[in-house]
Amino acid sequence: MGCGYRFTLLALCLVGLCVADDAPPVKASAATWADKLKKDLLLNYDRNLRPTQYYNVTNVEVNMEIRHVDIDEDNSIFTVSGWLKMKWNDDKLKWNPDDYGKLNVIRTNPESVWRPDLVLYNNARPSDIEHYGMTNVLIYNTGEVLWVPPTDYHANCKLNLRFWPFDQQTCFVKIGSWTFDGYKLNISEFGKAKVDIDVDNNEWTVLDLATDIHTTIYECCPEPYMDIRYNVTLQRQSSTHRAIVISPAFVIMLLALSVFWLPPNCGEKIVLNGIIALIVTVFLIYFATQLPAMSGNTPLIVTFFSTTLYLVAFGTILSVIVLRMSRTKHADPVPHVFKKQLDGCLGSVLGVGSGSLSSIEDKEAAVGEIGDAKQRDWCRLAGFIDRLAFLVYLVIFIISAVYHSL
C-alpha cells in the first residue's frame with residue numbers, strides 16, 4: 001500500500017515537470033518608444049549641471065498665475081498660491097521624432113532633469129525653500145522644457161495699517177536664481193501675469209498685478225544677478241469692519257456731543273460720560289487684539305478712539321465744573337470778562353443771552369431755586385461753557401472724520 005502510493009506521487013511529479021518544460025516562456029512587456037527615448041536621453045545625463053556650455057547663457061522664461069492670496073498681519077507675511085510657468089532650452093534633451101515613432105514630447109519627473117534654482121528672495125520662512133510641487137516636466141524634441149508646478153510663496157511684506165480698515169497693501173514676491181548670475185542664467189517674462197482666483201478671500205481682493213525685472217550687483221560678487229518681482233496691490237473688503245467699527249464710532253460721537261445739551265445742573269452728564277468712556281475702552285481693547293503693534297503708522301481709527309477717550313475725560317471735568325457753577329449758591333457775581341461775553345453776540349449765538357434763560361432754568365439747583373441775578377448769571381455761564389464745548393468738540397470730530405476718510 002505504501003509502495004503504490006509513493007509510485008503514484010512520483011509519476012505525477014514527472015508528468016508535471018514534463019508539462020512545465022513544454023510550456024512557452026513568459027515574455028516581459030514590450031518597451032514603448034517613450035521608454036526607449038527616455039533611456040537614451042537620460043543615459044549619462046547629469047541633472048546637476050547647466051545644460052549648455054559654460055560660456056553660454058541659459059534663458060529662462062517665467063510667468064505667474066495667482067490663484068489665492070492672504071496676509072498674516074500679525075507676522076507681516078504675504079501668502080501667494082498659484083502656478084509658476086518656467087520654460088527653458090536643454091541642449092542635451094533633443095531628438096529626432098522619426099527615430100522614435102514620431103514621438104515629439106515626453107513627460108517625466110522633474111528631479112530627473114536640470115531645473116533653474118529659482119527661489120523666493122524675500123522668503124518669510126528661510127528654512128523652507130521648497131516652493132514648488134513635484135509635477136512632471138514636459139520635454140519637447142527641440143530641447144524645450146516646460147515646467148508648471150503649483151507654487152506656495154510666503155513673502156515678507158511691510159504693511160501700512162494707517163487707514164485700516166479701508167487700507168490698501170502692496171506686497172511683492174521677488175524670485176531669482178540663487179547660484180547663477182546674469183551671465184549664466186537670464187530671466188525674462190513670457191505672456192502677462194494674471195490673477196485667476198479659485199476661492200475669494202473673505203477679506204482681501206486683488207486690485208493690480210505688475211511685473212518688474214531687476215539686475216542687481218551685490219557687495220559679495222562682481223557679477224549681476226537677475227530677479228523678477230511681482231507687485232500685488234490688495235484692497236481690504238471693509239463691509240464687516242464698517243458695521244463693527246465705523247458705525248459705533250459715529251454713535252459715540254453723537255453721545256459725546258449730546259452730553260453738552262443736557263441742562264448744566266443735570267447730574268446724569270457724568271453718568272453718560274462714564275458710559276461713553278467704558279464703550280471707548282472696550283473698543284480700544286478690541287483693536288489691541290485685532291491689530292499688530294506697529295511703530296510709525298498707528299491706524300487712524302485707533303487714534304480717533306484714543307483721542308475720544310481723552311475728550312470724554314476732559315468733558316467729564318467740564319461737567320463737574322458746570323454742575324458746581326449751577327448748583328452752588330454764589331455770593332460773588334460772575335467776573336466782568338465772562339459777563340461781557342454772556343451779554344454779547346457770542347452769548348446770543350450760543351443761546352445763553354439774557355433772553356434765553358428758560359432752557360437753563362428748567363431744574364432747581366441743589367441748594368434751592370435759581371432766582372437772584374447773581375445765581376442766574378452763574379447758571380448762564382455754565383450753559384455758555386457747555387455750548388462752547390459742544391462747538392469745539394463738533395469741530396474736532398468733523399476734522400477727525402474728514403482726516404480719516406482721506
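View 1. At 61% relative accessibility, Lys102 counts as exposed (exposed means over 50% relative accessible area, buried under 20% and partly exposed in between, using a 1.4 Å probe and protein chains only). This is a predicted model, in which local features need pLDDT of at least 70, side-chain atom pairs count only at pLDDT 80 or more, and totals for chains, interfaces and linings use all residues. Residues are numbered from 1 along each chain as its sequence is written, and side-chain values use heavy atoms, with hydrogens and water left out. Look for Lys102 in the loop between strand 2 and strand 3 (helices are DSSP runs of H or I with at least four residues, strands are E runs of at least two, and both are numbered from the N terminus). Lys102 isn't a glycine, yet its phi is positive, at about 65 degrees.

**View 2. Ser76, another residue with a positive phi.** Ser76 has a phi near 55 degrees, a positive value for a residue other than glycine. You'll find Ser76 in the loop between strand 1 (58-72) and strand 2 (77-89). With a relative accessible area of 22%, Ser76 is partly exposed.

**View 3. The disulfide between Cys157 and Cys171.** Searching the whole structure turns up 1 disulfide (here, a pair of cysteine sulfur atoms within 2.5 Å). It joins Cys157 to Cys171, and the distance from S to S is 1.9 Å. The link of Cys157 and Cys171 is left-handed, with -80 degrees about the S-S bond. This pair ties together distant parts of the chain, 14 residues apart: Cys157 sits in the loop between strand 7 (150-156) and strand 8 (168-177), while Cys171 belongs to strand 8. Both Cys157 and Cys171 are buried.

View 4. Trp164 and Pro165 are joined by a cis peptide bond, with omega at about 5 degrees. Pro165 lies in the loop between strand 7 and strand 8.

**View 5. Helix 3 against helix 4.** The axes of helix 3 and helix 4 come within 10 Å and cross at roughly 160 degrees (axes are lines fitted to C-alpha atoms, for helices over the stretch in contact, and angles run from 0 to 180 degrees between N-to-C directions). Helix 3 and helix 4 are therefore roughly antiparallel (that label needs an angle over 145 degrees; under 35 is roughly parallel, 65 to 115 roughly perpendicular and the rest oblique). Their crossing is left-handed (the near helix is turned anticlockwise from the far one by less than a right angle; clockwise would be right-handed). Residues of helix 3 including Ile244, Val245 and Leu255 meet a set in helix 4 including Leu272, Phe283 and Phe287 (contact means heavy atoms within 4.5 Å). By class, the contact of helix 3 with helix 4 has 13 nonpolar residues, 1 polar and no charged (Ala, Val, Leu, Ile, Met, Phe, Trp, Tyr, Cys and Pro are nonpolar, Asp, Glu, Lys and Arg charged, and the others, Gly among them, polar).

**View 6. Helix 3 beside helix 5.** Helix 3 (residues 239-258) packs with helix 5 at an angle of about 25 degrees, and their axes are 12 Å apart. That makes helix 3 roughly parallel to helix 5. This crossing is left-handed too. On the helix 3 side you can pick out Val245, Ile246, Ala249, Ile252 and Met253, which meet Ile301, Phe304, Phe305 and Thr308 in helix 5. The contact of helix 3 with helix 5 divides into 8 nonpolar residues, 1 polar and no charged.

**View 7. Helix 4 and helix 5 side by side.** Helix 4 (residues 268-290) and helix 5 (residues 300-327) pack at about 165 degrees, with their axes 9 Å apart. Helix 4 and helix 5 are therefore roughly antiparallel to each other. Their crossing is left-handed. The contact of helix 4 with helix 5 counts 15 nonpolar, 7 polar and 1 charged residues.

View 8. Glu111 is in the loop between strand 3 (105-108) and strand 4 (118-120), and at 43% relative accessibility Glu111 counts as partly exposed. Setting aside neighbours within four places in sequence, Glu111 is in contact with Arg47 and Met134. Lys192 is in the loop between strand 9 (185-189) and strand 10 (194-195), and at 72% relative accessibility Lys192 counts as exposed. The C-alpha atoms of Lys192 and Glu65 are separated by 8.9 Å, although these residues are 127 apart along the chain.
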